[in-house]
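Please open the model in your viewer and keep the sequence panel at hand, so that each selection can be followed in both places.

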Amino acid sequence: MILRRATAADADHVADIDLAARAEALPTVRGAHTPDEVRAWIANVMLPGSDVWVAEDDGVVVGYLAMEDELVAQLHVRPGYWRRGIGTAMMRHAKQLRPDGLRLWCFQVNARARAFYVAHGFVAVEFTDGNRNEEQEPDILFAWRGNSESSFQG
């Protein structure tokens, strides 16, 4: 597996992963956007405006990581490739990119993702009722304090 910066040519692969991973992991969470809107946002907003990396396994894009400053804005692995170390590799990469600390949001109902983040050293710093996200789904702000004394203070 390799990690590389995403290009515009990866937009369809990233969108496929995003839509499939959300459907599999979050079947009870209302989608705030249609698949076409998600695809357009990924191609026209996320890819050009964020620091996006893809994980490739034998030429197949199997996951992606989108960073915005110290925020892990998106981290998704294609269903069927879960529990193979891809998410861990992407999280390690995020920590290398931002060694002073990271933040990320996770829906409260996503027990698998919550366990993953805790296992990677993140701590819950805020629980919300979902009134600030488009899905209106209760979520959690997680923070990883980083490797230095001057690490990010969530």
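Predicted model: local features only at pLDDT ≥ 70, side-chain atom pairs only at ≥ 80, totals over all residues.

Now show the two helices whole, α1 as residues 11–25 and α2 as residues 35–49, and look at how they pack: the angle is about 130° and the axes are 9 Å apart. That angle makes α1 oblique to α2, and the crossing of the two helices is right-handed.

Next, turn to the largest nonpolar core, which has 22 residues, and select those with the most contacts inside it, namely Leu-65, Val-72, Met-91, Leu-102, Leu-104, Tyr-117 and Phe-122. At least two residues of this core are supplied by each of β2 (51–57), β3 (60–68), β4 (71–77), α3 (86–97), β5 (102–107), α4 (111–119) and β7 (139–144), and the largest share, four residues, comes from α3.

Within this selection, centre the view on Leu-104, which, leaving aside residues up to four places away in sequence, touches Leu-71, Val-72, Met-91, Tyr-117, Phe-122, Ile-140, Leu-141 and Phe-142. Finally, select Ile-17, Val-52, Val-54 and Tyr-64, which are among the 13 residues of another core that lies apart from the largest one.

Key:
Residues numbered from 1 in each chain as written. Heavy atoms only, no water. Axes fitted to C-alpha atoms, helices over the stretch in contact; angles between N-to-C directions. Parallel < 35°, antiparallel > 145°, perpendicular 65-115°, else oblique. Left-handed = near helix turned anticlockwise from the far one by under 90°. Core = buried A, V, L, I, M, F, W, Y, C linked by side-chain atoms within 4.5 Å. Buried < 20%, exposed > 50% of the residue type's maximum accessible area, 1.4 Å probe, protein only. Contact = heavy atoms within 4.5 Å.
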